[in-house]
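Dear colleague,

Please find below the structure for your review. My notes on it follow directly after.

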Amino acid sequence: MATKPHVADSHDLIRVQGARVNNLKDVSIEIPKRRLTVFTGVSGSGKSSLVFGTIAADSQRMINETYSTFVQGFMPSLARPDVDVLEGLTTAIIVDQERMGSNPHSTVGTATDANAMLRILFSRLGTPHIGSAQAFSFNVASISGAGAVTLSKGGQTTKERRSFSITGGMCPRCEGRGSVTDFDLTALYDASKTINEGALTIPGYSMDGWQGRILRGCGFFSVDKPIAKFTKKELQALLYQEPTKIKVEGINLTYSGLIPQIQKSFLAKDVEAMQPHIRAFVERAITFQTCPECDGTRLNEGARSSKINGTNIADCCKMQISDLADWVRGVSDKSVAPLLDKLEHTLDSFVEIGLGYLSLDRPAGTLSGGEAQRVKMIRHLGSSLTDVTYVFDEPSIGLHPHDIQRMNELLLRLRDKGNTVLVVEHKPEMIAIADHVVDLGPGAGTGGGTICFEGTLEGLRASDTLTGRHLDDRASLKSSLRSPSGFLEIRGASSHNLQNVDVDVPLGVLTVVTGVAGSGKSSLIHGSVPASADVVSVDQTGIKGSRRSNPATYTGLLEPIRKAFAKANGVKPALFSANSEGACPNCNGAGVIYTDLAMMAGVATTCEVCEGKRFREEVLEYRFGGRDISEVLAMSVTEAEKFFAEGDARTPAAHKILTYLADVGLGYLSLGQPLTTLSGGERQRLKLATHMGEKGGIYVLDEPTTGLHLADVEQLLGLLDRLVDDGKSVIVIEHHQAVMAHADWIIDLGPGAGHDGGQIVFEGTPADLITHQPTLTGKHLAAYVAK
């Protein structure tokens, strides 16, 4: 007689009932555990809301609640997702596309603990011995001090002399950054003017606020004398004075020179993370040069002097990771055997995941979204945990078709250990390995949020869903190719891994630059096509936006709308901004009231005064074209495009921006939707739309298919064609075969990654690449077009 299965073995499904996060419409679904499930659907259909916003978010919230309230106070507080029932959840590990922090002190080595292990290794085996692991850290400065301390012991107060010393590895000249700064003083001030006349040209330095009061009241120089006539002492005080306490109008304040202030406020941040106007100032006023004292290694002389087998820690961090792994294998010492094993495994994981071409000293902020995601994967590859839910957000981003096969093997290996793997993905090659497929849609935004299909891959192919219809789409080669109108000559390109590359990039056509991840594509294009007035560069950096930002504010669309409302009603434009004078006083224009509940998730309730409309009552009485400002912001892009096109509401400036938004396939977005609720693909296209109105003649696009559904790729190709037909030159860095097949000209880099790449392995038409198939790209493109 068969034994009855144990009740504990019956929990083989993750059950979701009534999910309503973001645009989900009461979604109910059962997902098999210990299988690989792929979630598909157009960008904005609700995939991330279901996988990340519902399943992963609730799993993390429940795990956080197992800690004491004291510990929870230090953790991010998470609200329970808007869902009726969630059953069968396991611990969720999220591997998303969030770019790594762009702190200047953060490198690939510090972000993955590889540096920490190397530091311990050198502190144990390095000769001469210079100290503990922190003596090799470029984030720890060397300090020493001595003095008397007062102690209370047994009711008696005694004084003791104490001294301390910390040996760190930080280079004292560049403070562990690897580069030093030099200031162009002409960009800081106009020497012919006085400070009162506005001589200072630094962003944020206004004589109207506190800054003006401090400069006028510091007494170190005259604010009514042209800077050109300052004495040496006065100029020293203006530029280099260390923070000094002063009293202005009876108030205690601190005065410091311009250069210490700039170093503290601007240079402590990564240049890439700055606002555009501040970045422009920094690039104009400050030159970054390799630190002459540490030669860019970030480490002081002591840390560089200690070696193992003739190699110091700076040399190790500079090596390509695949070479460093071989070097570690050559170090043998029983006293540190466990450490060597762990370090070797970490470095081998880099190679296995296709990142062997990186080096540990690469700044973390320079990694692409796909690279950052794979770096995060490394710590999970060797994990012995099972029955864990791994959640991936488009792991194919930034991967050449050749690399996607390796990623597939890693995902299957995680599944075969007994884990549940949930993947949000668009690429057919990754959908193909799914045990179970869930398709959301049918449209995006309010037109999505329902389950269109769930089942096997074959079932999806046979279904009449948008994904099913486009799953076997294959772009054919174009019958007629455009002729170049000229060439952009690149000579001797050698940044990063490029090996003295000479190439002519055709202009007036659609050029696709391709090659395996790490072959030098971005180095070639971003490094050799300078950002000038004629070049519009749309890179992969994500849009940063708070819940107060929306498509209207981000694209600059709100500006002409506010002016049109103000002109029609004879009032100030500031009234029609929820972040300015028009804001509801009760919720400050947020539309909701947030209540902080300490270690529990905060509660957001709709504002009772403005009923979530965000504006003052009197502002909503002003109309334009028969609508108030809150009704305009509630419109979709498609509705608004018609509204501002003709009649009383005709506003050409607003209509133009709306046309660009519609062109990139965002017609369904509402103008006032918070940016925090947009998916990765929607943000990428929103960014593209904002750049389309710029005047440049050359467009450089870095992986524009990121986050795009198969059906949307077709629309993107149409958009690229329109740009070229309008007389623009379009250069696209891309891995998607449909874009390659659609190109007029292909430049293929390789043959491998890192020091195995950096060469032009093919340049010519897509048809020639398929015919000759001399490269990895050629093989994959031939297979794609032939299907």
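In these notes, contact means heavy atoms within 4.5 Å. Helices (H or I, at least four residues) and strands (E, at least two) are DSSP runs, numbered from the N terminus. The model is predicted, so local features need pLDDT of at least 70 and side-chain atom pairs count only at pLDDT 80 or more, while totals for chains, interfaces and linings use all residues. Residues are numbered from 1 along each chain as its sequence is written, and side-chain values use heavy atoms, with hydrogens and water left out.

Helix pairs

Tyr660, Leu661 and Asp663 of helix 23 meet Leu686, Ala689 and Met692 of helix 24. By class, this contact has five nonpolar, no polar and one charged residues (Ala, Val, Leu, Ile, Met, Phe, Trp, Tyr, Cys and Pro count as nonpolar, Asp, Glu, Lys and Arg as charged, and the others, Gly among them, as polar). The axes of helix 23 (residues 652-663) and helix 24 (residues 680-692) come within 9 Å and cross at roughly 140°; axes are lines fitted to C-alpha atoms, for helices over the stretch in contact, and angles run from 0 to 180 degrees between N-to-C directions. Helix 23 is therefore oblique to helix 24 (angles under 35 degrees count as roughly parallel, over 145 as roughly antiparallel, 65 to 115 as roughly perpendicular and the rest as oblique).

Helix 4 (residues 114-125) packs with helix 12 (residues 337-352) at an angle of about 150°, their axes being 10 Å apart. These two helices are therefore roughly antiparallel. Ala114, Met117, Leu118, Ile120 and Leu121 in helix 4 meet Leu339, Leu340, Lys342, Leu343 and Thr346 in helix 12. This contact of helix 4 with helix 12 has eight nonpolar, one polar and one charged residues.

Individual residues

Arg20 lies in the loop between strand 1 (13-19) and strand 2 (27-32). Its relative accessibility is 28%, so Arg20 counts as partly exposed (buried means under 20% relative accessible area, exposed over 50%, partly exposed in between, with a 1.4 Å probe and protein chains only). Leaving aside residues up to four places away in sequence, Arg20 touches Asp26, Asp82, Val83 and Asp84. Arg20 and Asp84 are 64 residues apart along the chain, and their C-alpha atoms are separated by 8.8 Å.

Glu197, in the loop between strand 8 (179-183) and helix 5 (210-217), is exposed, with a relative accessible area of 52%.

Yours sincerely
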